[in-house]
Amino acid sequence: MPVALAVVVHPALPGLLGPAAWRAVSSGRPVVALPGAAAAADALRAEGWAVDDVPDVAAAAARPDSVVALVPAGVEVDAGEVVDAPPLPGSRLLDVVRVMDVLRSPGGCPWDAEQTHASLRGYLLEEAHEAYDAIVDDDPAGMREELGDVLLQVVFHARVAAEAAPGRRFGVDDVAGDLVDKLVRRHPHVFGDAGPRDVAQVEAGWEEIKKAEKQRRSPTEGVSRSQPAASWGAALVRRAARAGLTTPAPAEIGSVSPEELGERLLAVVTAAEGRGWDVEDALREAVRRYAGELDAEAESRAAE
């Protein structure tokens with residue numbers, strides 16, 4: 001015998017019910033909750049609804065009166081009518097946080113429990129590189145998986161930070177909240193009254209807002225030194241150009257294509273390898289010297 005009406009609820013969002021679901025639970029019929037729907041049942045009880053727990057669908061269907069059964073998402077149920085909660089983008093992110101909490105808590109995974117920011121930092125770079133490779137390969141399935149691994153690192157570090165001493169403690173909601181505040185603050189043309197902007201104006205405005213926020217004294221501040229030397233150097237050159245500071249004299253490459261440029265660079269790598277030189281180290285040292293020159297130039301300007 002089927003249940004007359006089943007309302008599908010999502011454990012991570014126990015209070016989220018669509019209009020049809022609210023009409024169902026407000027219809028005056030008894031409301032019962034199947035195992036797995038306890039969070040939704042508690043949310044309804046907190047608002048004054050009477051909700052009985054039942055062990056399974058058969059017990060709900062055997063009730064002499066017609067009931068509204070709260071059924072956890074993913075559970076198959078024989079019902080005359082099924083009302084699902086509206087899909088909410090991002091709801092599965094709460095599941096990620098919940099699973100990480102289980103892994104990190106007593107009784108969870110011993111490997112996860114002993115990790116620190118320092119022990120995890122290499123994985124953050126590794127997963128970011130793998131996501132980058134999937135994007136370069138135009139591999140949607142790979143992107144989906146690798147971006148999930150990057151997300152895992154974000155949630156993992158936030159969970160570790162939630163256990164830190166006062167003054168160093170923050171959680172995943174702090175990370176998300178800071179991000180939301182930053183996005184709103186840096187898009188006044190969308191969320192404020194700055195008016196419409198084209199792409200160039202958006203980029204210029206973004207830099208001005210960042211400059212006011214960070215109060216940086218030099219364009220080298222905030223540029224990651226752990227990224228590959230070529231990316232590090234390119235970031236510094238862009239920053240210096242925007243700030244009107246000195247940029248290194250460009251090499252003469254004429255009208256070569258990106259492919260031809262890549263071949264020339266590979267030839268340099270091959271020549272350096274033949275001499276036993278490490279191209280990455282050589283470029284990193286040059287970029288480090290350039291960063292020092294930029295700091296000195298910026299300091300000199302500030303003192304004028």
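Guide: Before we start, buried here means under 20% relative accessible area, exposed means over 50%, and partly exposed is in between, with a 1.4 Å probe and protein chains only. The model is predicted: local features need pLDDT of at least 70, side-chain atom pairs count only at pLDDT 80 or more, and totals for chains, interfaces and linings use all residues. Residues are numbered from 1 along each chain as its sequence is written, and side-chain values use heavy atoms, with hydrogens and water left out.

Visitor: Fine. In what order do the strands of the open sheet come?

Guide: The order is β3-β2-β4-β1-β5, five strands with parallel pairing. Strands (E, at least two residues) and helices (H or I, at least four) are DSSP runs, numbered from the N terminus. Two strands pair if DSSP finds at least two bridges between them.

Visitor: Which strands stand at the edges?

Guide: β3 (51-53) and β5 (79-84) do; each has a single partner strand, so one side of each has no neighbour in the sheet. On average, neighbouring strands of this sheet are turned by 30 degrees against each other, direction ignored.

Visitor: Where do V68, L70 and P72 point from β4?

Guide: Those three point one way, while A69 and V71 point the other way, and all are buried. Five of the five residues of β4 are buried, so the strand is largely enclosed by the rest of the structure.

Visitor: How many bridges pair β4 with β1?

Guide: Five, in the parallel sense, between β1 (residues 3-9) and β4 (residues 68-72). A6 has A69 as its bridge partner in β4. With β2, β4 pairs over three bridges, also in the parallel sense, and there V32 stands opposite A69.

Visitor: What joins β1 to β5?

Guide: Five bridges, and the two strands run parallel. A6 stands opposite V82 in β5. β1 is mostly covered, with six of its seven residues buried.

Visitor: Which strands does helix α2 lie across?

Guide: α2 (residues 38-46) lies across β1, β2 (31-33), β3 and β4, and runs at about 150 degrees to β3. Axes are lines fitted to C-alpha atoms, for helices over the stretch in contact, and angles run from 0 to 180 degrees between N-to-C directions.

Visitor: Helices now. At roughly what angle do the axes of α6 and α7 cross?

Guide: Roughly 160 degrees, and the axes come within 8 Å. The two helices are therefore roughly antiparallel to each other. Under 35 degrees counts as roughly parallel, over 145 as roughly antiparallel, 65 to 115 as roughly perpendicular and the rest as oblique.

Visitor: Is that crossing of α6 and α7 left-handed or right-handed?

Guide: Left-handed. That term applies if the near helix is turned anticlockwise from the far one by less than a right angle, and right-handed applies if clockwise.

Visitor: And α4 with α7: how do their axes cross?

Guide: The axes of α4 (residues 91-104) and α7 (residues 140-161) come within 10 Å and cross at roughly 55 degrees. That makes α4 oblique to α7. The crossing is right-handed. Among the residues of α4 that meet α7 are L93, V96 and R104, and those they meet in α7 include L151, F156 and V160.

Visitor: Which residues does Q153 touch?

Guide: L120, Y123, L124 and E127, not counting residues up to four places away in sequence. Contact means heavy atoms within 4.5 Å. Q153 is in helix α7 and counts as buried at 5% relative accessibility.

Visitor: Where does Q115 lie?

Guide: In the loop between α5 (110-113) and α6 (117-136). Q115 is buried, with a relative accessible area of 6%.

Visitor: What does the side chain of Q115 reach?

Guide: The backbone oxygen of W111, at 2.9 Å. A polar contact is a pair of N or O atoms within 3.5 Å; within protein, one must be able to donate a hydrogen and the other to accept it, and residues adjacent in sequence count only if both atoms are side-chain atoms. Q115 also touches R104, L120, F156 and V160, not counting residues up to four places away in sequence.

Visitor: Last one. In which loop is S257?

Guide: The loop between α11 (229-243) and α12 (258-274). S257 counts as partly exposed at 25% relative accessibility. Its C-alpha atom is separated by 35 Å from that of Y123, 134 residues apart along the chain.
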